[in-house]
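Visitor: I have a structure open and would like to learn how to read it. Where do we begin?

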Amino acid sequence: MWFEMEKKDLIKKIAFLKSKWRKFGKVAKRKVRDNTLMLATGAAATFAPANVAYTDFGDAKNPDHLVEQVQSRVLSPDEVKVVPQKVIVDDNLIEFHNKAQDIKGDEIKDFAGATPYSIWDVTYKREVGTQENPVGIFESFAGTMQYNRANVQSMLMYALMHEEYNVWAKQFFEDTPEAKKALDEMKKAYEQKGNLVFHVGSKERNNLSKFIVKDYKAKFVEDGANNSSEALQVQRDFGSDAYVSFDEKGWQKITSTLAKNDIYPEDVSWAIVGMWCSAHIAQGGFKDVYKTVEGKTLEQINSVKYINELAAKYPNLFKNGSGKYAYKFAKEHYNEPHSITTMRELSMMERDPEIYQNYLQLLSMYQGKNVTFEEAKLLAQNSEKRKQRTYQVSQRMLAQLYVDKKSR
C-alpha cells in the first residue's frame, strides 16, 4: 500500500513536521493553528450526505487520488457511542475496555494501537479497582470516582437532563408533576449558568434533589452490578463534562502553562491527564498541578520521569494504599495513543468540541487501514501537499520540448 513506509523514516518525518501541524481551537484566545486533521477530506467530505457509504481506498495505486477515494462520510460525534466492556484480568480484578459503536450498533475501528482505557481509569485504579462492584459501590463515597453524596446526586441530575441518559436516570427520581416542574427549572438554570447549577448552593439543584427517591442508594448499587456499562459511562461523562469544570481555574492554569511551550492538552498522554484528574478528585481541585509542567517540553511531560515526579509530589495519592495501583497503571500504559474514548473525554474537559470532531474526521479517512493517529496526521498532510501540487509550463520549456522531439 502506498502509505506503508519505513517506520523509522515515518517517525523522523513526524518529529520534523509536528511543530507545523496545527489545529483550529474553539476556546477563546487559543492560538490558531493549521488544521491538518481536516486537510485531505475537503469540503466535499465534510458536507457529504449521511447516507453515503464508506469507500474503500485500499487498492489505490496513485496517492494523488486519495482525496477522491477517502471515506466520504465523516463520523459525527452524535453517531458515536462509547460502550465500556467488562473484562476480568489477573487476580479476577475487573477492568473496562472501551468499544465505540455507530448508531446501528456496529463497532467503529479506532486507530492502530489506540488505548482501550479511559482517562478516568487512573482514578478507577486508585479508588475502586479491587472492589467486587466497582461501578455501584456506595459507602461514605460512591461510584468509580468515589463522589460524595452531594456529587452523586448531582451526577444523577446531570444524567436526567441529558437525552442519552435520561431514561437510565428516571429510576432515581419521583414521577410527579412537582418533580417535572423542578426538572424544568433546573434545565432553564443549566442553560443560563452551565455546570454551576450542579453546585450545592444552587437553588434549582437543591429543589430537584428533594425528588430523588429514598432508596436511590440501593438502586445505585444494584444498577452498578447489573448495568455496569451504562452506569460507568454516566459517571465518566459527569466527571469529564462537569466535575473537571468545578475547578475551571485550576484546569486553565495547567493548559495555559502548557501553551507557553506550544503544548496542547491533546498532545499529552491520556494517562498523565488521568493523574491530574485523579489528584483533582482526591484534593477537591487541581491546586498546584500546573507547577509540575512549568518549563517542560512535551517529551519531558510524556515520560516515566514525570509520572514519578507526580507520584513524589502527591505520595498520599499515588504511593500509598490503593494509590500504588494507579501509579503502576499510569507507568504501564502512558505510551498507548489516545483513542475515541480519551479524545471524547478530553474534548469535554477542555470544553472544545473540535478536539473530538477533528479526531473523528481523520479516523473517517483511515479507519481500518492499520495506521496510528500520528501516522494518519502525517499521511493527511502529505496527501494535501500532493493535491495542491501544480506545474507551471513556461514558453521556454515548450520550446525545449519541441527541440527535443525534433532531434529524436
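Guide: Start with Lys219. Leaving aside residues up to four places away in sequence, Lys219 touches Gln171, Phe172 and Val213. Contact means heavy atoms within 4.5 Å. This is a predicted model, where local features need pLDDT of at least 70, side-chain atom pairs count only at pLDDT 80 or more, and totals for chains, interfaces and linings use all residues. Residues are numbered from 1 along each chain as its sequence is written, and side-chain values use heavy atoms, with hydrogens and water left out.

Visitor: How far apart are Lys219 and Gln171 in sequence and in space?

Guide: They are 48 residues apart in sequence and 7.9 Å apart in space, C-alpha to C-alpha. Lys219 belongs to helix α9. Helices (H or I, at least four residues) and strands (E, at least two) are DSSP runs, numbered from the N terminus.

Visitor: Is Lys219 buried, partly exposed or exposed?

Guide: Buried means under 20% relative accessible area, exposed over 50%, partly exposed in between (1.4 Å probe, protein chains only). Lys219 has 26% relative accessibility, so Lys219 counts as partly exposed.

Visitor: How do I describe two aromatic rings?

Guide: A pair of aromatic rings is described by the distance of the centres and the angle of the planes. Rings of Phe, Tyr and Trp (its six-membered ring) pair if their centres lie within 6.5 Å; planes under 30 degrees apart count as stacked, over 60 as edge-to-face and the rest as tilted. The whole structure holds 19 aromatic pairs. Take Phe138 and Phe220: 5.4 Å between centres, 85° between planes, edge-to-face. Phe138 sits in the loop between α4 (121–127) and α5 (149–160), and Phe220 in helix α9 (residues 216–226), 82 residues apart. Phe138 is buried because its relative accessibility is 15%. Phe220 is buried too, at 3%.

Visitor: How do I read two helices that pass each other?

Guide: Axes are lines fitted to C-alpha atoms, for helices over the stretch in contact, and angles run from 0 to 180 degrees between N-to-C directions. The axes of helix α14 (residues 304–313) and helix α16 (residues 323–333) come within 10 Å and cross at roughly 165°. Angles under 35 degrees count as roughly parallel, over 145 as roughly antiparallel, 65 to 115 as roughly perpendicular and the rest as oblique. So α14 and α16 are roughly antiparallel.

Visitor: Which residues make the contact?

Guide: From α14, Val304, Ile307, Asn308 and Ala311; from α16, Tyr327, Ala330 and Lys331.
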